[in-house]
Amino acid sequence: MINLHDILNRGENSFVEFKDERVAPESLAKEMAAFANTEGGDIFLGVSDDGTVGGVTRPDIEEWVFNIARNNLKPGLL
């Protein structure tokens, strides 16, 4: 079983993308679309490209991500 520490150490690849919490909605939508149009993957918010965990301070992060998936992609993702 792979744990979060292993994922962070291995870094980004075709199935793993790290995004800082300040990611632009358009950039996050682009990654969502890429994973939706391939074999899927995981986006880790609050993690910089080098695997450093900065965390997420947005109190509405879940709603924000869902709104991007619904409103920034055509057709929207569920």
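**Close-up 1. Lys19, a buried residue of the predicted model****.** Lys19 has a relative accessible area of 11% in this predicted model, and a residue counts as buried under 20%, so Lys19 is buried. Two salt bridges of Lys19 are shown. In one, the side chain of Lys19 meets that of Glu17, at 3.7 Å from N to O. In the other, Lys19 pairs with Glu31, and the closest N and O atoms are 3.9 Å apart. Lys19 belongs to strand β1 and Glu31 to helix α2 (residues 25–36), so this pair ties together parts of the chain that are 12 residues apart in sequence.

**Close-up 2. The network of Glu17, Lys19 and Glu31****.** Salt bridges link Glu17, Lys19 and Glu31 in a network. Glu31 has a relative accessibility of 17% and therefore counts as buried. Glu17, with a relative accessible area of 14%, is buried. Lys19 is likewise buried, at 11%.

Close-up 3. Leaving aside residues up to four places away in sequence, Glu17 touches Glu12, Glu31, Phe35, Asp42, Ile43 and Phe44. Among these contacts, Glu31 is also part of the salt-bridge network that includes Glu17, and Phe44 is a member of an aromatic pair with Phe18.

**Close-up 4. The aromatic pair Phe18 and Phe44****.** One aromatic pair is found in a search of the whole structure. The rings of Phe18 and Phe44 are arranged edge-to-face, with 6.1 Å from centre to centre and 75° between the planes. Phe18 lies in strand β1 (residues 16–19) and Phe44 in strand β2 (residues 42–45); the pair links distant parts of the chain, 26 residues apart. Phe18 and Phe44 are both buried.

**Close-up 5. The salt bridge between Arg22 and Asp20****.** A search of the whole structure finds four salt bridges. The one shown here joins Arg22 to Asp20, with the closest N and O atoms 3.0 Å apart. Arg22 has a relative accessibility of 70%; exposed means over 50%, so Arg22 counts as exposed. Asp20 has a relative accessible area of 30% and is therefore partly exposed.

Key: Residues are numbered from 1 along each chain as its sequence is written. This is a predicted model: local features need pLDDT of at least 70, side-chain atom pairs count only at pLDDT 80 or more; totals for chains, interfaces and linings use all residues. Side-chain values use heavy atoms; hydrogens and water are left out. Rings of Phe, Tyr and Trp (its six-membered ring) pair if their centres lie within 6.5 Å; planes under 30 degrees apart count as stacked, over 60 as edge-to-face and the rest as tilted. Helices (H or I, at least four residues) and strands (E, at least two) are DSSP runs, numbered from the N terminus. Buried means under 20% relative accessible area, exposed over 50%, partly exposed in between (1.4 Å probe, protein chains only). Contact means heavy atoms within 4.5 Å.
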